[in-house]
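Welcome! Take a moment with the sequence and the 3D view before reading on.

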Amino acid sequence: MEGARRGARHERSPGVRRLFALHEARMRFYSDGVLPGGCFFFTVQAEFDDRPGAVHDRVARAMREWQEFIQRLVTQAKELGELVEEADPAQLAYEIDALGEMTIIHSRLHDGPAALTHARRAVLQRLRALCPEPALLPED
């Protein structure tokens, strides 16, 4: 029970652990099959990315807000000294989101659960490479 509380505390505290916890939560969402048709936002992005109108605009806004949220977490981690100063919040947010989106495709069409493992490991390795104290993150 103490370990569960400690893990929950890391998810709430700002920094690199929260950033990784966000990615972990996304991977759990996909692996649990919460939405039977897959990721709603990924599907509507593909459907409406080149169709002008209200749905396009709302989807674009939602995706921009998602990217901005991830960027804020990266910025917080940098401010805490948990990511190197050279870490670019926009770039890292893009990479984390891109790996999440690729997981959707691969987990449904190619290699199932292995996609979740690969995405988790890729984000973890990227964060550990940018973190002056890699021990803040899980081993694997």
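## A question to start with

Is R128 buried, partly exposed or exposed? R128 is partly exposed, with a relative accessible area of 24%. Here buried means under 20% relative accessible area, exposed means over 50%, and partly exposed is in between, with a 1.4 Å probe and protein chains only.

Please keep in mind that this is a predicted model, in which local features need pLDDT of at least 70, side-chain atom pairs count only at pLDDT 80 or more, and totals for chains, interfaces and linings use all residues. Residues are numbered from 1 along each chain as its sequence is written, and side-chain values use heavy atoms, with hydrogens and water left out.

## The overall plan

The protein has six helices and zero strands. Read from the N terminus on, its elements run α-α-α-α-α-α. Helices (H or I, at least four residues) and strands (E, at least two) are DSSP runs, numbered from the N terminus. Of the 140 residues of the protein, 34% count as buried.

## How α3 meets α4

Helix α3 covers residues 40-48, and helix α4 covers residues 54-79. The two pack at an angle of about 135°, with their axes 10 Å apart. That angle makes α3 oblique to α4. Axes are lines fitted to C-alpha atoms, for helices over the stretch in contact, and angles run from 0 to 180 degrees between N-to-C directions. Angles under 35 degrees count as roughly parallel, over 145 as roughly antiparallel, 65 to 115 as roughly perpendicular and the rest as oblique.

The crossing of α3 past α4 is left-handed. A crossing is called left-handed if the near helix is turned anticlockwise from the far one by less than a right angle, and right-handed if clockwise.

## A nonpolar patch

Now look for F29, V34, L35, F40 and F41, which form a nonpolar patch on the surface. Together they have about 440 Å² of accessible area. Patches are made of residues with over 30% relative accessible area and no salt bridge, where like charges are joined within 9 Å and nonpolar side chains (Val, Leu, Ile, Met, Phe, Trp, Tyr) within 5 Å. Accessible areas come from the Shrake-Rupley method with a 1.4 Å probe, and for residues only the protein chains shown count as cover.

F41 counts as partly exposed, at 39% relative accessibility.

## Salt bridges

How many salt bridges are there? The count comes to six, taking a salt bridge as a side-chain nitrogen of Lys or Arg within 4 Å of a carboxyl oxygen of Asp or Glu. One of them joins R120 and E24, whose closest N and O atoms are 2.8 Å apart. Because R120 lies in helix α6 (residues 113-130) and E24 in helix α2 (residues 16-31), the pair ties together parts that are 96 residues apart in sequence. E24 is buried, with a relative accessible area of 19%.

E65 and R61 also meet through their side chains, at 3.5 Å from N to O. They are four residues apart in helix α4, so about one helical turn separates them. E65 is partly exposed at 39% relative accessible area, and R61 counts as partly exposed at 39%. Our opening residue, R128, forms a salt bridge with E139, with the closest N and O atoms 3.7 Å apart. E139 lies in the segment after α6 and R128 in helix α6, so this pair links parts 11 residues apart in sequence. E139 counts as exposed, at 66% relative accessibility.

## Pairs across the chain

P113 is in helix α6 and counts as exposed at 63% relative accessibility. P113 and M27 are 86 residues apart in sequence, with 10.0 Å between their C-alpha atoms. P138, in the segment after α6, is partly exposed with a relative accessible area of 32%. Between P138 and L124 there are 7.9 Å from C-alpha to C-alpha, and the two are 14 residues apart in sequence.
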